[in-house]
Amino acid sequence: MYSHEENLIQELVPLNISNYLLHRGWKKRQSLSNETSIFRLDGKEIVIPIARNLAEYEYLMGRAVEKIAEFDQKDRVSIINALLLPSADVICFKLDDLATKEGFISLANAPKYIESCQKAILAAACYVEEPKKHYPKLSKATAKTYLSKCKLNTKPGSFVVNVICPQNAVDENVISDNARLLKEFPEERFSRTVTRTLLLGAKKIVETIDSGDLSLIDNSNNFPVSSNFCKALLGMSPQNEGSSLTITGTSNFGESILDTPSIRINKEYFDSIEILAARLTPSSTPEAKFFTGLITDLHGERTESGSPAGDVEISFQYDDEEIIKARLTLNVQTYSTALEAHKYGHYVSFNGTLRMGIRSHRITDISNFRDIQAV
């Protein structure tokens, strides 16, 4: 066994191995010693050391891993990684696209994709706490606490983001009455209710689009989907024909959370998801506001005078919480100000009217545009 594997084996917790075996149907047998546990299945036997001061502790741990890997027909490192995780669900967001087939995503697109994964989980957690078709802010305290305990990792194959959702992320004593009602059974943890709700929401969206009747989403009070969840999926939209987003949910022991192992959302479905997001979003009145933000992109073109003018994109804080981006159109003079601010990373401020969309936003009626850090 390689030294790297030996180091990982030293970190294994006997209780995690016991739970792993019990979940797979192994039966625990009485041991003559209080220092080991014995598990049997189909004529096979695995001995798990309990006491770390046992002389053969590392050897028995190594043998246990080797036997589990042989029985499950997996490599040892995969087994060790599964055993190292605390009890948790794993939500896998896999973007299968021409641009990601080598397992990479562009640096420019990665933050939006990962943020969308976060928002999908947060939207599902908010729904579990209090079902709504639209949340002005994804700010439920329990949902945000839950998200803060989730962890992220990636693995090769298209572009894959795994979100580890620990079962003990939230104190069960502080969850809402609705969260208790949504449990599949009384002992279900808040984390499992959230991950099951997320997967069920994605499954229902695909079924609704397949039915050809998007109005179904309006008629069901038990439809576990919000506009926020739809918008999160839009943030993970694949770009090329024939591409897709696949969402899979398992426990870290490999058990599927839903009876449907994975939900595949083909690229052509995302136009319908945008329509669903719009249906679930209450109509809003454009609001006149004072804005402060950073110029993130310049899209202007040269005018007849030779100076550029046109659209720029600005990133700013919305409602004291969420960072969003919007486009605005500037004349030659204000575009020149934006150009200098973008060059030096300065903040700009201005008055305008925010018009919120589903995938993009626009600010109109621009006035008093200035670089607030200009000397």
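Two strands count as paired here if DSSP finds at least two bridges between them, and strands (E, at least two residues) and helices (H or I, at least four) are DSSP runs numbered from the N terminus. The model is predicted, so to speak for local features a pLDDT of at least 70 is needed and side-chain atom pairs count only at pLDDT 80 or more, while totals for chains, interfaces and linings use all residues. Residues are numbered from 1 along each chain as its sequence is written, and side-chain values use heavy atoms, with hydrogens and water left out.

**View 1. An open sheet of 3 strands, in the order E1-E2-E3.** The pairing is antiparallel. E1 (27-29) and E3 are the edge strands, each pairing on one side only. On average, neighbouring strands of this sheet are turned by 35 degrees against each other, direction ignored. (Axes are lines fitted to C-alpha atoms, for helices over the stretch in contact, and angles run from 0 to 180 degrees between N-to-C directions.) E1 and E2 are joined in the antiparallel sense over 3 bridges, and Arg29 sits opposite Ile38 in E2.

**View 2. Helices H2 and H3 on the sheet.** H2 lies across E2 and E3 and runs at about 160 degrees to E3. H3 also lies across E2 and E3, at about 145 degrees to E3.

**View 3. The buried side of H2 (residues 14-23).** Look for Pro14, Asn16, Ile17, Ser18, Tyr20 and Leu21, the buried residues of this helix (buried is under 20% relative accessible area, exposed over 50%, partly exposed in between, with a 1.4 Å probe and protein chains only). They pack against E2 (36-41), E3 (44-49), H3 (57-72) and H4 (76-84). After H2 comes Gly25, with a positive phi near 95 degrees.

**View 4. E13 between its partners E9 and E14.** E9 (residues 287-298) and E13 (residues 347-355) run antiparallel, joined by 8 bridges, with Ala288 opposite Thr353 in E13. Another 6 bridges join E13 to E14 (residues 362-371), again antiparallel. E13 and E14 make a hairpin with 6 residues between them, and Arg355 stands opposite Arg362 in E14.

**View 5. Ser191 in helix H8 (residues 190-211).** Ser191 is buried, at a relative accessible area of 1%. Its side chain reaches the backbone oxygen of Pro166 at 3.1 Å. Setting aside neighbours within four places in sequence, Ser191 is in contact (heavy atoms within 4.5 Å) with Asp89, Tyr146, Cys165, Pro166 and Gln167.

Note on methods
A polar contact is a pair of N or O atoms within 3.5 Å; within protein, one must be able to donate a hydrogen and the other to accept it, and residues adjacent in sequence count only if both atoms are side-chain atoms.
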